[in-house]
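Q: I am new to this structure and would like to learn how to read it. Could we go through it feature by feature?

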Amino acid sequence: MSSTSTITMTEMKPQMTEKPTARPVARKQRTWHEADAPYTFANDDTEWERLNGVHRAIKEYLGNRITLAPLEELSPPPKKILELGAGTGVWAMDAANMFPEATVTAVDISFNNIRNPPPNVVLKQLNLLEGFPFEPESFDIVHMRFLLVHMPNFPELIKKCSAALRPGGLLLLEDIDQNLYSTDGEVPESIKTFYKHYHGHMAKSGVDGETGAKIEGVLHSLNQFSEIHVHNMPAPISAPYTADPNLNKMGIEMRKSLGKAYDGIWGKMPGSGLTQEIHDNMIRDAHDHDRQIYMDFYWTWARKADKVPETATLYQQAWAWWDYFVQTGWWILGY
Ligand SMILES: C[S@@+](CC[C@H](N)C(=O)[O-])C[C@H]1O[C@@H](n2cnc3c(N)ncnc32)[C@H](O)[C@@H]1O
């Protein structure tokens with residue numbers, strides 16, 4: 001079973017006259033994790049504020065929920081929850097408070113950012129490119145948010161997560177297409193140039209920057225789920241021009257997030273061709289109130305079937321790889 005929903009936009013123009021200006025030049029020194037992984041975002045206080053700000057906006061958008069899946073309806077209630085790429089741990093900590101009887105294992109490449117976790121959060125420092133030490137069918141819930149879009153061969157990680165999930169358990173995959181598009185004309189050259197360099201660099205490590213929309217297809221190809229749900233949220237990045245105030249807030253937060261996530265990124269991406277100037281031009285044009293520029297966010301969740309076939313048929317596996325090659329391989333070869 002599968003359901004897909006899309007927010008309907010109004011064509012309201014923002015009531016703003018002020019023209020965007022270039023960002024201030026004074027910048028904080030950024031710091032990054034040192035693990036051997038293609039992940040390019042920082043792990044400092046600015047990043048901590050960014051991730052927590054986005055988490056707050058998401059909760060507001062979802063009506064004070066931490067995900068769209070009906071976690072509270074799980075029967076029996078979850079005892080083991082796994083969160084991969086936990087960042088500041090803000091989601092893991094909310095899940096731990098929501099289910100005090102459960103243990104929430106929060107995994108990340110580095111934990112500079114997790115502050116005062118509740119006692120039922122277990123921190124596990126791990127580079128997921130070097131191992132996946134979790135028993136089959138051992139978790140009630142597995143969650144990843146904004147991680148797959150940074151991982152080489154993301155379908156493989158989804159497959160491992162599905163294997164770690166118990167029958168009836170919930171797999172929560174929440175991610176973006178790391179790209180901006182326009183509904184009222186061409187995307188500015190500055191934005192195209194930024195993403196050409198960014199994706200070109202990431203593609204060399206096998207990272208697909210437009211993961212969000214492809215997750216549903218990967219879940220179907222695994223043939224292990226009784227339910228698959230997708231909710232697409234096009235976040236209005238350049239101005240708050242939709243009829244939904246919470247969606248507008250999401251857009252504003254995502255816009256602030258772009259500025260913080262990519263700031264200084266050229267220092268972590270030598271050879272990519274990215275420069276401060278390319279970055280600043282992109283951020284300036286992403287803030288152009290006269291345009292309607294969006295970034296797509298996908299909330300995808302699936303329930304593992306009670307009876308999971310031990311192995312998918314040869315035909316299903318061949319189809320899954322073909323689908324992966326066509327969607328991601330083709331995308332990566334384009335850079
Ligand atoms: C964009 S952040 C998202 C954080 C969090 N999920 C959230 O939504 O706020 C991605 C996180 O994944 C972690 N990460 C990236 N590559 C990883 C890897 N190979 N193994 C483990 N964690 C990784 C990063 O350190 C970072 O904390």
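A: We start with a pair of helices. The axes of α6 and α7 come within 10 Å of each other and cross at roughly 175°. Axes here are lines fitted to C-alpha atoms, for helices over the stretch in contact, and angles run from 0 to 180 degrees between N-to-C directions. α6 is therefore roughly antiparallel to α7; angles under 35 degrees count as roughly parallel, over 145 as roughly antiparallel, 65 to 115 as roughly perpendicular and the rest as oblique.

Q: Which residues make the contact of α6 with α7?

A: Two residues are in contact if their C-beta atoms, placed from the backbone, lie within 7 Å. On α6 these are R255, L258, G259 and Y262, and on α7 they are H279, I283 and A286. By class they divide into four nonpolar, two polar and one charged. Ala, Val, Leu, Ile, Met, Phe, Trp, Tyr, Cys and Pro count as nonpolar, Asp, Glu, Lys and Arg as charged, and the others, Gly among them, as polar.

Q: What kind of model is this, and how are residues numbered?

A: This is a predicted model, in which local features need pLDDT of at least 70 and side-chain atom pairs count only at pLDDT 80 or more, while totals for chains, interfaces and linings use all residues. Residues are numbered from 1 along each chain as its sequence is written.

Q: How many helices and strands are there in the protein?

A: Helices (H or I, at least four residues) and strands (E, at least two) are DSSP runs, numbered from the N terminus. The protein has eight helices and nine strands. Of its contacts with a separation of 6 or more, 75% are between residues 24 or more positions apart.

Q: At what angle do α1 and α6 pack?

A: The angle between α1 and α6 is about 165°, and their axes are 9 Å apart. That makes α1 roughly antiparallel to α6. The contact is made by T46, E47, R50, G53, V54, A57, E60 and Y61 of α1, with N246, L247, K249, M250, E253, M254, K256, S257, K260 and A261 on the α6 side. These residues divide into seven nonpolar, four polar and seven charged.

Q: What is the handedness of the crossing of α4 and α7?

A: A crossing is left-handed if the near helix is turned anticlockwise from the far one by less than a right angle, and right-handed if clockwise. The axes of α4 (residues 189-203) and α7 (residues 276-286) come within 8 Å and cross at roughly 130°, so the two helices are oblique to each other. Their crossing is left-handed. The contact is made by S190, I191, T193, F194 and H197 of α4 and I278, H279, N281, M282, D285 and A286 of α7. Five of these residues are nonpolar, five polar and one charged.

Q: Which residues of α2 are buried?

A: A residue is buried if 20 or more other C-beta atoms lie within 10 Å of its own, exposed if 12 or fewer, and partly exposed in between, with C-beta atoms placed from the backbone. In α2 the buried residues are V90, W91, A92, M93, A95 and A96. They pack against α1, β2, β3, β4 and β5. Across the protein, buried residues make up 44% of the 335 residues.

Q: Which residues come nearest to the ligand?

A: A residue is near a molecule if its C-beta atom, placed from the backbone, lies within 6 Å of it. Of the 23 residues around the ligand, Y39, G85, G87, L128 and R145 come nearest. α1, α2 and β3 each supply at least two residues of this shell. The shell has 14 nonpolar, seven polar and two charged residues.

Q: Where does N64 lie, and is N64 buried or exposed?

A: N64 lies in the loop between α1 and β2. N64 counts as exposed because it has 7 C-beta neighbours inside 10 Å. N64 has a positive phi of about 65° although it is not a glycine. The loop between α1 and β2 also holds P76, which a cis peptide bond joins to S75, with omega about -5°.
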